[in-house]
Amino acid sequence: MMRLPVALLFAWSVLACVTVKPQQRAILADPTMVFDGDPQATGPVRHAYQNREAAFGGEGVSGGGCGCN
Amino acid sequence: MARGGLPTRPQAARMLLAMAVSLMAHRAGAQVVDFDTTHTIFYEAPTLTHMFVYSPAVTLSATPWEWLSVNAGWEADVVSGASVAIKAGPAYQANHPGADVVTTASVHDFRNSAIAGFTLRKDAVSFSAGYNYSTEHDYRSNSFNLAARTETYEHNTQFELDYAHNFDQVCNRVQDATDNSPTLYHALENSVGCFTNSNPLRTTDDLAIDSLQASWSQSWTPVFQTQAVASLQVVDGFQSNPYRSVVISNGVEAQENVPDLRIREAIALRAHFFLRPIKGALRFMARLYEDSWDITSGTGEAEFEKYLGESFRVTLRGRLYVQSGAIFWSDDYTGGSAPLGPRGSYWTGDRELSPFWSWSLGIRPVYTLSSPRGRLLKVMTSLKFGASFDVVNPTYEQFTLGGVPIGGAHQLIGQLSLTALF
């Protein structure tokens with residue numbers, strides 16, 4: 001019963017040990033490294049895939065309309 | 001401006017825009033306005049449809065204060081091509097040799113979508129909210145979305161929670177009073193009279209969509225970070241293509257009929273590495289998906305983006321996708337040996353619900369123009385040009401057009417984009 005909270009606490013403490021210093025973050029902030037760094041460009045391409053596949057998810061939740069032709 | 005007179009309307013608009021940009025730039029003393037425009041085209045051949053879609057989009061976002069960003073935008077889909085209006089399969093074709101068992105209908109549509117939103121920030125927490133209104137000839141959508149983000153451990157750990165709800169409406173055909181079974185329903189002939197009350201044979205069906213997503217992003221080293229995402233979506237309402245009929249037995253064709261409820265789940269994992277010796281980034285994404293219609297799918301993406309000089313970079317990308325079919329999918333509901341045959345009380349001609357796999361390859365060059373001595377044209381801090389081209393090659397394992405497999409199907413996606421920072 002206590003295994004899950006202990007595992008979560010352990011995982012949280014491990015994360016605390018993973019520290020990239022602010023002065024080391026230049027590359028992580030580079031446009032080539034950020035997650036979803038260019039949504040205006042990737043959005044329409046994802047829209048084209050989503051309308052022709054059954055799958056969904058992992059790419060944001062906002063959006064309106066069918067646009068499913 | 002007219003000499004000695006008042007400015008004309010276009011001149012006044014330009015002056016107001018310049019004043020607004022200059023005022024906001026003065027207040028924050030940093031990048032405060034971001035203008036994006038993308039133009040995407042999609043073409044599909046040779047699946048009888050020859051679908052062509054042009055999608056322009058414009059987004060303007062501003063950060064007048066550090067704690068507030070606002071954004072507004074517009075996007076559209078201009079669609080022309082054809083869709084399969086009556087779907088039949090190989091068993092029916094075999095019993096009706098020479099019959100034209102697959103018909104198509106021309107499709108011309110124009111989706112307009114307006115977007116607005118804002119983000120509030122305080123310390124390591126931010127909240128976003130947005131609204132989206134979208135119209136098509138046969139579809140209306142109102143949706144809102146909310147997001148909350150926080151970060152800890154010196155920005156190394158980030159959590160985000162997103163929720164969106166759509167209040168959508170689909171135009172449909174009013175069925176005759178005697179047609180009291182879905183097996184007797186007629187498909188929508190066209191969108192004339194939709195949402196106007198001018199056609200007694202038109203009605204609307206509701207579609208509600210709830211989407212929830214949680215993500216955890218983690219920086220592990222100065223050149224490596226990952227992101228895990230879990231998504232859940234509940235779709236409740238009319239989800240068939242109202243225009244499409246399916247031949248369900250000899251001489252009987254009925255409007256497509258799929259369940260009203262669909263629950264969709266996905267998990268995705270992303271990993272980004274930066275390779276210092278060659279000044280390039282490797283990006284990977286893997287996604288697993290399943291839904292209550294018994295569809296499972298897997299997606300794998302790999303991208304390599306490399307700097308060629310300070311301002312120019314190129315991305316090469318590849319993607320693999322595979323899915324199983326819906327539990328009620330059949331290429332022919334009139335009979336035949338498995339996997340053909342009837343599937344209980346549901347039927348569809350939607351190839352996106354059939355088992356298939358696809359691969360795609362693409363390239364995206366980006367060039368960023370910035371001035372080390374000041375602003376470009378005195379107002380811009382940078383100007384970014386982008387272009388991309390992708391080829392998608394699907395292979396349909398069961399879907400046919402009247403028993404004829406689709407051979408050599410491919411889709412082309414091209415895009416031009418421009419981003420200006422003020």
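**Notebook: interface, spaces and backbone of a predicted model**

I began with the side chains of A:Asp38 and B:Arg364, which meet in a salt bridge at 2.9 Å, N to O. I took a salt bridge to be a side-chain nitrogen of Lys or Arg within 4 Å of a carboxyl oxygen of Asp or Glu.

The model is predicted, and I kept to its limits: local features need pLDDT of at least 70, side-chain atom pairs count only at pLDDT 80 or more, and totals for chains, interfaces and linings use all residues. Residues are numbered from 1 along each chain as its sequence is written, chains are lettered from A and ligands numbered from 1 in the order in which they are written, and side-chain values use heavy atoms, with hydrogens and water left out.

**Interface of chain A and chain B**

I found 4 salt bridges across this interface. I also found 23 residue pairs in polar contact there, both residues at pLDDT 80 or more. A polar contact is a pair of N or O atoms within 3.5 Å; within protein, one must be able to donate a hydrogen and the other to accept it, and residues adjacent in sequence count only if both atoms are side-chain atoms.

The largest share, 8 residues, comes from α2(A). Helices (H or I, at least four residues) and strands (E, at least two) are DSSP runs, numbered from the N terminus. By class, this side of chain A has 22 nonpolar, 15 polar and 8 charged residues. Ala, Val, Leu, Ile, Met, Phe, Trp, Tyr, Cys and Pro count as nonpolar, Asp, Glu, Lys and Arg as charged, and the others, Gly among them, as polar.

I counted contacts (heavy atoms within 4.5 Å): 45 residues of chain A touch 83 residues of chain B. The buried area is about 5,300 Å², and carbon and sulfur atoms give 58% of it. This is the accessible area (1.4 Å probe) that two parts lose on being put together, summed over both.

**Salt bridges overall**

I searched the whole structure and found 22 salt bridges over all chains. One of them joins the side chains of B:Glu189 and B:Arg202 at 3.4 Å, N to O. B:Glu189 is in the loop between β7 (157–173) and β8 (202–221) of chain B, B:Arg202 is in strand β8, and the two are 13 residues apart.

**Cavity**

I found 3 cavities of 30 Å³ or more. On a 1 Å grid over the protein atoms alone, a cavity is a set of points where a 1.4 Å probe fits but cannot get out; lining residues have an atom within 4 Å of a point. Grid points are joined across faces, edges and corners, and a volume is the space filled by probe spheres set on the points.

The second largest cavity holds about 40 Å³. Its lining includes A:Tyr49, A:Arg52 and A:Glu53 as well as B:Phe356 and B:Gln411. In chain B, β16 (356–370) and β17 (382–396) each supply at least two lining residues, and β17(B) gives the most, 3 residues. I recorded the lining as 5 nonpolar, 2 polar and 2 charged residues.

**Backbone**

I noted a cis peptide bond between B:Ala338 and B:Pro339, with omega about 10 degrees. B:Pro339 lies in the loop between β15 (312–323) and β16 of chain B. A:Asp36, not a glycine, has a positive phi of about 55 degrees, and I placed A:Asp36 in the loop between α1 and α2 of chain A.

How values were computed
On a 1 Å grid over the protein atoms alone, a cavity is a set of points where a 1.4 Å probe fits but cannot get out, and a pocket is an open set with protein on both sides within 12 Å along at least five of seven lines; lining residues have an atom within 4 Å of a point.
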